[in-house]
Amino acid sequence: FRGSKNYTSAQQAKIFKEVGADRNAYTTDDYTNYHTTFAKEDLETVLKVEADRFQGLMYSKKVFRTESQAVFGEYNKNSSNPISKMFEVMRDTAFQRHPYKHTTMGFLRDIVKMPRQYEYSQSFFKRWYKPEYITILVVGDVEHGGAVGGIDLSPFSVRFDEGHLEDATGHYAAPAIAAALPRRLIFPARRPTARRSVSVVA
């Protein structure tokens, strides 16, 4: 997270620090998982800050280029492992049309071009970070009825009205997206716990 319309990176980090939240994220072939563990009393605060990631994410070209170089460094590190390289070549060979053809990290030829793909990164975000693609999972010391009634999901009602966007190939044109709530809000069966904490996965 490098900032949004409402929070700088430092401000967001301060909020999570003040509530004692433990957070991280990772990306797989099929999804990106943002997970946070915190006291249940701070559920509303955490959801508000996390929703801001979807509503008002902002990053400069300079920051994007810096992060792109970090991806390049991580690719080089992973490629030093022969097993990782083997899986990359295997998937490239096994899949011809399916996106599984490339690993989550991607091909080197694409990574070296990434610093020049700032506009495409923004169109990608607007294309996929939509309410209908969001699943919110709440686990912990919460009652289903009380939690559902007490959670305001409206911050996740993102609206994109910035005209048409195209990807690097020029094939994608995104229409204006009407506001919508997340697709699912899941509360697994409650389990007794000594720590009165809540985990949110978005």
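Tyrosine 118 is buried, at a relative accessible area of 13% (buried means under 20%, exposed over 50% and partly exposed in between, with a 1.4 Å probe and protein chains only). The model is predicted, so local features need pLDDT of at least 70 and side-chain atom pairs count only at pLDDT 80 or more, whereas totals for chains, interfaces and linings use all residues. Residues are numbered from 1 along each chain as its sequence is written, and side-chain values use heavy atoms, leaving out hydrogens and water.

Nine aromatic pairs are present in the structure (rings of Phe, Tyr and Trp, the last by its six-membered ring, with centres within 6.5 Å; planes under 30 degrees apart are stacked, over 60 edge-to-face, the rest tilted). One of them joins tyrosine 59 and tyrosine 118 edge-to-face, at 5.6 Å centre to centre and 85° between the planes. This pair links distant parts of the chain, 59 residues apart: tyrosine 59 is in the loop between helix H2 (43-55) and helix H3 (61-79), and tyrosine 118 is in helix H6 (residues 118-128). Helices here are DSSP runs (H or I, at least four residues), numbered from the N terminus.

Phenylalanine 95 and tyrosine 100 also pair edge-to-face, with 5.9 Å between centres and 85° between planes. Phenylalanine 95 is partly exposed at 29% relative accessibility, and tyrosine 100 is partly exposed at 27%. Elsewhere, Tyr120, Phe124, Trp128 and Tyr133 make up one aromatic cluster.

Turning to a charged side chain, arginine 109 lies over the face of phenylalanine 107, 4.2 Å from the ring centre (NZ of Lys or CZ of Arg within 6 Å of the centre and within 35 degrees of the ring normal).

Key: Helices (H or I, at least four residues) and strands (E, at least two) are DSSP runs, numbered from the N terminus.
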